[in-house]
Amino acid sequence: MLADMTSVHVPVRAGELLELADPRPGETAIDCTFGAGGHAELVAGRLGPDGLLVAIDRDPLAEERFAELAAEVACRTRFISAPFAEALAELAGEDVRADLVFLDLGMSSMQVDTRERGFSYSYDAPLDMRMDPGQDLSAADIVGEWDERRLAGMLRDFGEERYARQIARAIVRERGRRPLTSTNELVDVIASAVPAPARFAGGHPAKRSFQALRIAVNDELGQLDRALPLAWERLRPGGRLAAISFHSLEDRRVKRFLADRARGCVCPPELPVCACGRTPEAELVTRRGVAPTPGEVAANPRSSSARLRVARKLEDAP
């Protein structure tokens with residue numbers, strides 16, 4: 001049963017997503033990050049038999065779970081097995097229009113809980129981190145092949161890691177002695193490179209490095225940068241775009257994208273009349289990222305950093 005399928009996955013910001021994005025009977029909704037299907041199940045329940053749910057995910061496990069959901073919900077369903085930027089481009093080629101597009105960014109609970117996928121620093125597993133197991137690049141490839149400067153840049157830019165240079169140097173030094181192929185091996189190298197006073201001051205010493213590796217392996221920020229304009233173009237006037245982010249690198253991109261769509265005239269203030277002719281395309285449903293309640297964090301600690309942002313496409317927007 002679907003309830004069993006989703007029991008290991010608590011959808012983050014689910015009530016707020018339904019309230020603020022407001023899926024309605026007969027609408028078309030695109031779930032860009034299906035994962036375990038928690039948000040999709042709730043949205044599908046609002047769409048009714050005349051509605052359509054399009055689910056996107058590159059993980060084969062997600063496609064298996066979607067088949068179970070599709071057999072139980074009343075609305076029409078479709079699954080696209082691809083990274084979400086490529087899937088949205090495919091939908092654009094078909095001129096599919098939507099009333100709601102939503103993204104639950106980062107890795108899903110089912111990915112981190114599947115130990116052999118190597119997403120977590122909490123237990124030993126192959127150094128993998130691929131959301132699509134069929135792609136070539138893995139975390140082991142990056143750790144084993146990228147030069148020190150590139151590793152440090154990745155750790156700094158994608159993990160905001162203060163000790164990026166020291167960790168990169170330690171990785172290169174250690175892989176000269178032996179291949180680094182498991183999560184525990186990498187955790188040990190990272191911990192050895194972080195000064196002792198800082199090792200546990202801000203959580204697990206490998207947390208930021210593992211985030212950076214995962215983002216690099218799966219091109220997560222590149223996917224998001226390409227997907228946001230594609231998602232916006234798929235929306236009908238009055239349609240809503242919603243995104244749940246789990247770290248500042250994602251949230252800043254979503255915030256800036258939506259703020260830019262909500263901005264009107266950009267002429268210098270000294271001009272007496274508008275010369276640019278720019279008008280807002282969006283109304284911000286959330287002025288700030290909506291954070292989880294203490295109760296939600298207590299029930300689902302992984303939700304602690306989540307931020308939900310929603311915007312509505314104006315009726316006269318192109």
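The structure is a predicted model, in which local features need pLDDT of at least 70, side-chain atom pairs count only at pLDDT 80 or more, and totals for chains, interfaces and linings use all residues. Residues are numbered from 1 along each chain as its sequence is written, and side-chain values use heavy atoms, with hydrogens and water left out.

The protein chain has 14 helices and seven strands (DSSP runs, H or I of at least four residues and E of at least two, numbered from the N terminus). Its radius of gyration is 21 Å, close to the 20 Å of the globule rule for 318 residues, so the chain is as compact as a globular protein of that length. The radius is taken over C-alpha atoms, and the rule is 2.2 Å times the number of residues to the power 0.38. The C-alpha trace spans about 60 × 60 × 40 Å along its principal axes. Buried residues make up 52% of the 318 (under 20% relative accessible area, 1.4 Å probe, protein chains only).

Five aromatic pairs were counted. Rings of Phe, Tyr and Trp (its six-membered ring) pair if their centres lie within 6.5 Å, and planes over 60 degrees apart count as edge-to-face. The ring centres of Phe 34 and Phe 79 are 6.3 Å apart with planes at 90°, so this pair is edge-to-face. Phe 34 lies in the loop between β1 (28-31) and α3 (38-47) and Phe 79 in strand β3 (residues 76-81), so the pair ties together parts 45 residues apart in sequence. Both Phe 34 and Phe 79 are buried. Ring pairs link Phe 34, Phe 66 and Phe 79 into a cluster.

Methods. Buried means under 20% relative accessible area, exposed over 50%, partly exposed in between (1.4 Å probe, protein chains only). Rings of Phe, Tyr and Trp (its six-membered ring) pair if their centres lie within 6.5 Å; planes under 30 degrees apart count as stacked, over 60 as edge-to-face and the rest as tilted.
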